[in-house]
Amino acid sequence: MFNAPRPVQAYGSSSQFGASFVTENPLISSVYDDGLDPWSTSPSPAPALPSFPATSAGGLSSVIGEASIPAIYSRAFAAVDPTNTGETSVNALSRVLGTSSLPASTVDRIVSLVSSRPRVSRLEFFVALALAALAQSGKDVSIERVAALAQENALPEPTLDLGSLPPSQSSFHDIMQMPPPSTRGYSAEDPWSSKFTTPAAAPKAPALGSLNNGAPSNISGSGLPREWWKKQETVFVNILGQQGFILNRYLVYEVSSDRGAPVPRRYSEFVFLWDVLVKRYPFRLLPALPPKRIGPDEGFLEQRRRGLARFINFVVNHPVIKDDPVLQSFLTEPSLEEWRKHTAISYEEESASKRIDRVEEMAIPSDLEDKLAVVRGKIGFLIEHWQRICLLTERIVRRREAAAVRLTPVMRPSFLPTHLPLPLPSFAGLSSSPSATSSSSASAPSSASGSLDRDTDASTTTSIFSGLTSAARRSAVDGQADLSRLTNTVKSLVEVNERCWRGEDCELCAGVRQGLVHVSAHTQRHADALEHRSRTMLYSTLESLKAQRDLYVAMRDLFIRHDRLSPDQVDRLRKRVDTNSHKLEGIRQAKKEGWEHEADKVAVAIEKDQAAITAALNRRVFIRACMWHELRAVLHNRENTLLTLAVQAFAREEHDFSEAAVTNWSSLLETVEGMPLE
């Protein structure tokens with residue numbers, strides 16, 4: 001969904017894996033994540049054309065400016081954003097505005113004014129509350145009026161009954177429920193942050209032709225404890241906010257784990273941890289860090305937060321790295337900067353202090369190189385395919401967030417702020433043929449956001465406006481008419497038709513109005529379910545898929561480090577030992593003056609070289625043991641077991657959503673069966 005990655009420079013050895021993440025600077029990576037370019041100044045995602053600045057959080061920031069935010073604004077936003085994500089849904093905004101006793105038509109207008117997306121930022125939410133206050137006082141409802149009041153530092157306060165705020169009507173599992181910063185209890189679920197522990201499903205008889213779920217692997221031993229996936233540790237990474245002075249502002253994250261109280265961490269401290277671990281454990285699987293970028297926007301920062309969460313959750317669950325003392329300090333020290341000032345950090349490679357015993361050495365298969373070659377041969381294709389899967393999944397999520405009704409270009413101006421120009425698309429040469437749309441979706445996008453707009457949206461095929469053209473679907477406000485807005489519009493329609501020309505006793509109009517009330521209630525319920533479904537897929541399924549991609553990228557980098565760091569000087573040392581042995585023998589035979597001292601010097605050199613040979617040979621064995629362990633215990637288990645859990649969770653959530661949708665629409669059908677016809 002982000003900017004196109006920079007061209008990857010070929011690795012300077014015989015390796016076939018492209019760019020490396022194991023250089024001295026871990027931020028050089030460019031293919032790590034979602035096409036993020038660390039040095040690009042473009043927003044993430046890149047804005048679609050034409051752009052509408054006032055309907056974005058960045059445009060509305062100039063509306064609010066430096067005005068003081070009334071307390072009711074913050075309380076209302078906290079009520080619909082308990083996880084402090086900085087955004088909420090159109091559904092939630094509509095529910096808050098519904099407590100203001102404003103007509104549904106006014107609520108619909110306010111929602112359309114502040115946002116054209118399925119999600120509403122904090123600033124957009126605040127502007128909506130200001131508009132609601134203006135409507136309650138009988139003043140002009142316009143963004144210009146809010147901007148004028150903000151310049152006077154006099155934002156109006158709406159009258160809201162937050163105590164009666166209706167909860168979401170969806171019974172769909174909300175994956176966004178994570179504990180707030182500094183007060184969370186540590187549950188088994190992590191809102192990606194990075195890892196999820198899938199709740200145990202009730203045992204069911206396998207369907208005909210289905211896989212035998214939960215059956216043990218036929219490979220002898222996994223190298224990990226039985227049911228290891230149930231014992232995974234979870235670390236939460238949240239954004240605390242900006243700190244520091246104007247010229248030295250930096251973003252601070254809150255890292256929370258079961259090992260101690262939550263601790264604040266800067267991005268540079270994640271880099272420090274990565275640097276220590278990659279030098280101590282060069283022959284272990286270690287994910288890359290997400291990059292840094294000059295002038296990041298909110299989308300970039302959120303993606304980086306998730307990347308940092310996947311990184312830290314990977315290392316705390318690595319069978320070896322999880323016990324590293326620096327990692328322990330990173331998770332528990334209140335001030336890592338002070339700890340580093342008073343602690344000597346060792347970057348010594350683990351092979352210098354660890355040895356492989358005879359039993360472990362004998363357990364290493366003789367054909368280890370052949371097994372590794374199999375993985376080497378396909379690792380590039382695996383990365384490419386998993387990257388594509390992640391991109392396609394993210395497109396599906398974004399489309400689900402903007403699901404349901406699409407408006408025609410003629411209808412759209414009434415749903416946009418009146419002070420914004422709306423260039424209508426040209427209808428010349430428009431076609432909705434399948435061939436045109438399929439060729440559009442098959443082309444390689446230059447950016448994920450652009451490809452999102454170019455590809456055919458499957459949701460429009462079931463829309464009542466499914467005949468819209470490709471150009472209309474590419475409009476920047478494609479997602480502005482979702483089910484929540486449809487619900488608001490239906491409610492407004494009911495208000496407009498409250499009185500019939502025949503009088504108060506028109507049973508036909510009353511029955512139809514009551515039926516529309518039920519329609520709006522059920523569309524609201526389905527909108528809630530769609531929102532939870534897309535959030536679940538974004539924070540669970542998509543992050544699970546990205547974890548798979550990160551795993552293969554880490555394996556590729558492990559191969560690169562192996563190629564760079566595993567060669568030793570054993571052959572050269574052996575030749576030098578042979579040369580010095582002949583030299584020592586000659587000295588002893590000649591017995592010239594002072595030959596004893598010279599012979600001692602040569603003998604000491606031979607002993608040092610022989611000790612170095614022994615250490616290098618031990619290191620060879622240790623490296624082989626590490627590669628075997630990472631292949632057998634880490635890669636093989638994670639790429640299969642965690643993917644199985646992700647697929648099972650995805651299937652379970654989709655099944656629950658489908659059942660809830662059937663129940664919802666069946667209930668509506670039963671309700672509207674009694675609507676009058678005459």
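Reply: Start with the words for angles: under 35 degrees is roughly parallel, over 145 roughly antiparallel, 65 to 115 roughly perpendicular, and the rest oblique. This is a predicted model, in which local features need pLDDT of at least 70, side-chain atom pairs count only at pLDDT 80 or more, and totals for chains, interfaces and linings use all residues. Numbering runs from 1 along each chain as its sequence is written, and side-chain values use heavy atoms, with hydrogens and water left out.

α5 and α6 pack at about 100°, and their axes are 10 Å apart (axes are lines fitted to C-alpha atoms, for helices over the stretch in contact, and angles run from 0 to 180 degrees between N-to-C directions). The two helices, α5 and α6, are therefore roughly perpendicular to each other. On the α5 side, the contact is made by Val 127, Ala 130, Leu 131 and Leu 134. Ile 143, Arg 145, Val 146 and Leu 149 make it from α6. Contact here means heavy atoms within 4.5 Å. Element names follow DSSP runs, numbered from the N terminus: helices are H or I with at least four residues, strands are E with at least two.

Now the largest nonpolar core. A nonpolar core is a set of buried Ala, Val, Leu, Ile, Met, Phe, Trp, Tyr and Cys residues joined through side-chain atoms within 4.5 Å. Buried means under 20% relative accessible area, exposed over 50%, and partly exposed in between, with a 1.4 Å probe and protein chains only. The largest core has 38 residues. Leu 93, Val 96, Leu 97, Ile 110, Phe 125, Leu 129 and Leu 131 touch the most other members. The elements giving two or more residues to this core are α1 (57-64), α2 (71-80), α3 (90-98), α4 (104-114), α5 (122-136) and α6 (143-151). α5 gives the most, with 10 residues.

Look at Phe 125. Leaving aside neighbours within four places in sequence, Phe 125 is in contact with Tyr 73, Ala 76, Phe 77, Val 80, Thr 88, Leu 93, Val 96 and Val 120. Another core lies apart from the largest one. That other core has 34 residues, among them Tyr 253, Trp 274, Val 276 and Leu 286.

Among the buried residues of α4 are Val 107, Ile 110, Val 111, Leu 113 and Val 114. The buried list for α4 also includes Thr 106, Asp 108 and Ser 112.

Past the helices comes a loop. Asn 153 is found in the loop between α6 and β3. Asn 153 is not a glycine, yet its phi is positive, at about 55°. With a relative accessible area of 45%, Asn 153 is partly exposed.

Next, the sheet. It is open, has three strands in the order β3-β4-β5, and pairs antiparallel (strands pair if DSSP finds at least two bridges between them). β3 (236-243) and β5 (260-266) are the edge strands, each pairing on one side only. Neighbouring strands of this sheet are turned by 25° against each other on average, direction ignored. β4 (residues 250-257) and β5 are joined by five bridges. Val 252 has Arg 266 of β5 as its bridge partner.

Two helices lie across these strands. α8 lies across β3 and β4, at about 135° to β3. α9 (residues 325-332) lies across β4 and β5, at about 95° to β5.

Finally, the charged pairs. A salt bridge is a side-chain nitrogen of Lys or Arg within 4 Å of a carboxyl oxygen of Asp or Glu. The count is 27 salt bridges. Arg 284 and Glu 630 form one, with the closest N and O atoms 3.2 Å apart. Arg 284 is in the loop between α7 (267-280) and α8 (298-316), and Glu 630 is in α19 (residues 595-672), so the pair ties together parts 346 residues apart in sequence. Both Arg 284 and Glu 630 are buried. Glu 349 and Arg 619 meet in another salt bridge, at 3.0 Å, N to O. Glu 349 lies in the loop between α10 (336-341) and α11 (358-363) and Arg 619 in α19, so this pair ties together parts 270 residues apart in sequence. Glu 349 counts as buried, at 19% relative accessibility.
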